Amino acid sequence: MKLLYVVVLIVIADFAASSPSDFAQQFNKVYQPINEPAFKGKIWAVLVAGSSGYYNYRHQADVCHAYQVVHSHGVPDEQIIVMMYDDIAHNEENPTQGIIINHPDGPDVYKGVPKDYTGKDVTPSNFLKVLTGDKEGLHGIGSGRALESGPHDHVFVYFADHGAPGLIAFPTGELMKKDLNNAINTMYNKKFFAQLVFYLEACESGSMFDTLSDSMNVYATTAANSKESSYACYFDEKRATYLGDRYSVSWLEDSDQENLDQETLHKQFKVAKKNTNQSHVMQYGNLSMSHEIVGIFQGERQSKVKPMKLRPIYDDVPSPDVPIHILKRKIAAAKTLESRQQLQLLLAKEFETRRRIEWTTRTIANVASNENDENSLVTSTMPALINLECYTEAVKAFDSMCYELDDYEYGYRQLFVFGNLCDNGIPTTKVVDSIRQTCS
């Protein structure tokens with residue numbers, strides 16, 4: 001403390017030797033605030049809803065809302081790429097044709113959304129081509145647009161859909177952890193970004209990034225850890241579906257309300273973590289990036305859109321159980337005995353399908369492991385995914401021989417069994433043969 005006092009006295013004494021005006025000028029010069037250099041690159045955004053079907057309304061609502069956030073904060077449309085099946089806004093079940101909302105009584109988030117890739121073009125392959133700038137591979141597909149970012153640019157990627165250990169789902173096909181991480185490595189090696197931020201909404205989403213390098217200036221947050229579901233929220237009686245996902249609406253509504261030129265990624269992470277109270281919001285990669293401001297990824301301009309006053313609503317349900325909760329609510333609201341009975345039949349069919357899928361995966365486990373003592377763990381614990389190659393082949397085999405995952409989404413809930421079989425050292429050929437034997 002004595003040394004500090006001496007230094008201060010010397011500085012003041014030196015200034016005091018000058019005239020009062022000279023003193024003020026020298027003081028201002030010495031103590032002028034140091035501003036960090038402004039971000040001079042471009043902001044690029046890739047926004048993806050990986051599901052289809054009206055009961056999955058929330059994923060496209062999340063992504064449309066994400067577009068409104070980055071657009072209203074100044075990211076130009078030519079630097080935003082959107083992938084969504086686009087079967088919600090004009091779906092016959094939608095009572096407000098051409099309108100999608102992401103919050104009860106909320107504004108239309110569908111209007112103005114560019115649709116670069118829709119329908120059958122929303123695939124894992126096309127998503128990876130967009131990320132890695134493969135315009136040649138996208139020729140004649142959708143808008144044909146891909147990232148054209150450079151070494152000084154910031155890239156923001158947001159994805160919402162179903163997931164399982166080591167994969168995220170698309171309307172047709174799955175994107176495996178290894179392929180996504182390879183694409184990010186390619187982007188890094190091609191100098192496609194100065195910094196990249198990835199927000200991921202899916203069950204077991206943490207499993208996609210739990211090995212993400214911290215040396216590439218990539219920062220990711222996920223709706224859940226590697227062993228749990230994410231959660232849907234905001235059931236709307238009029239639309240008879242869930243309007244959003246808890247993690248997603250947490251960061252989206254925060255971006256609507258906050259000054260993104262001042263809020264940090266870490267603060268937004270903490271907001272999402274606090275509001276998402278049934279799953280564990282996680283962060284991966286280069287965590288020092290979390291001290292960057294949100295605006296240099298989602299748009300630096302102050303939004304002219306007046307944020308709506310939000311009322312807290314917590315009606316969260318695990319994402320895999322959304323079809324069941326929707327049917328139960330429809331049954332409770334049914335006005336005729338006939339419609340109630342039809343809905344009850346659909347619910348019974350859903351439960352029966354789930355039982356069949358569970359029986360199938362447990363039978364496969366018994367065949368592959370010769371019903372040994374470890375089989376109970378294989379069918380009850382989440383895998384570490386040590387053998388990703390084996391797991392990938394097992395998922396492909398189950399999808400092609402047993403239940404097409406695009407049509408039987410509950411199948412994603414049972415894929416962990418194959419991860420455990422592979423982690424336990426059972427050869428890939430035996431796992432695949434067991435799937436073939438069971439499902440033939």
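Buried here means under 20% relative accessible area, while exposed means over 50% and partly exposed is in between (1.4 Å probe, protein chains only). Strands (E, at least two residues) and helices (H or I, at least four) are DSSP runs, numbered from the N terminus.

A quick word on what you have open: this is a predicted model, where local features need pLDDT of at least 70, side-chain atom pairs count only at pLDDT 80 or more, and totals for chains, interfaces and linings use all residues. Residues are numbered from 1 along each chain as its sequence is written, and side-chain values use heavy atoms, with hydrogens and water left out.

**Stop 1: the sheet**

Zoom in on Val-46 and you'll find Ile-81 of E2 opposite. Two strands count as paired if DSSP finds at least two bridges between them.

Now bring in the rest: six strands make an open sheet with mixed pairing, in the order E2-E1-E3-E7-E8-E11. Which strands stand at the edges? They are E2 and E11 (282–285); each has a single partner strand, so one side of each is left without a neighbour in the sheet. On average, neighbouring strands of this sheet are turned by 10° against each other, direction ignored.

E8 and E11 pair in the antiparallel sense over four bridges.

**Stop 2: Asp-86**

Back to E2, then follow the loop between E2 and helix H4 (124–131), where Asp-86 lies. Its phi is near 60°, a positive value in a residue other than glycine. Is Asp-86 buried or partly exposed? With a relative accessible area of 27%, Asp-86 is partly exposed.

**Stop 3: H4 and H5**

Next, select H4 together with helix H5, residues 177–189. Two packed helices are described by the angle between their axes and the distance between the axes. For H4 and H5, the angle is about 20° and the axes are 9 Å apart. The axes are lines fitted to C-alpha atoms, for helices over the stretch in contact, and angles run from 0 to 180 degrees between N-to-C directions. H4 and H5 are therefore roughly parallel to each other (under 35 degrees; over 145 is roughly antiparallel, 65 to 115 roughly perpendicular, and the rest oblique).

Show the side chains of Phe-127, Leu-128 and Leu-131 in H4, plus Asp-179, Leu-180, Ala-183 and Met-187 in H5: these make the contact, meaning heavy atoms within 4.5 Å.

**Stop 4: H6 and H7**

Now pick helix H6 (residues 246–257) and helix H7 (residues 265–275), which pack at an angle of about 135° with their axes 9 Å apart. That makes H6 oblique to H7. On the H6 side, select Arg-246, Tyr-247, Ser-250, Trp-251, Asp-254 and Ser-255; they meet Gln-268, Val-271, Ala-272 and Asn-275 in H7.

**Last stop: Leu-385**

Finish in the loop between helix H11 (375–378) and helix H12 (388–401), the place of Leu-385. Leu-385 is not a glycine, yet has a positive phi of about 55°. Leu-385 is buried, with a relative accessible area of 10%.
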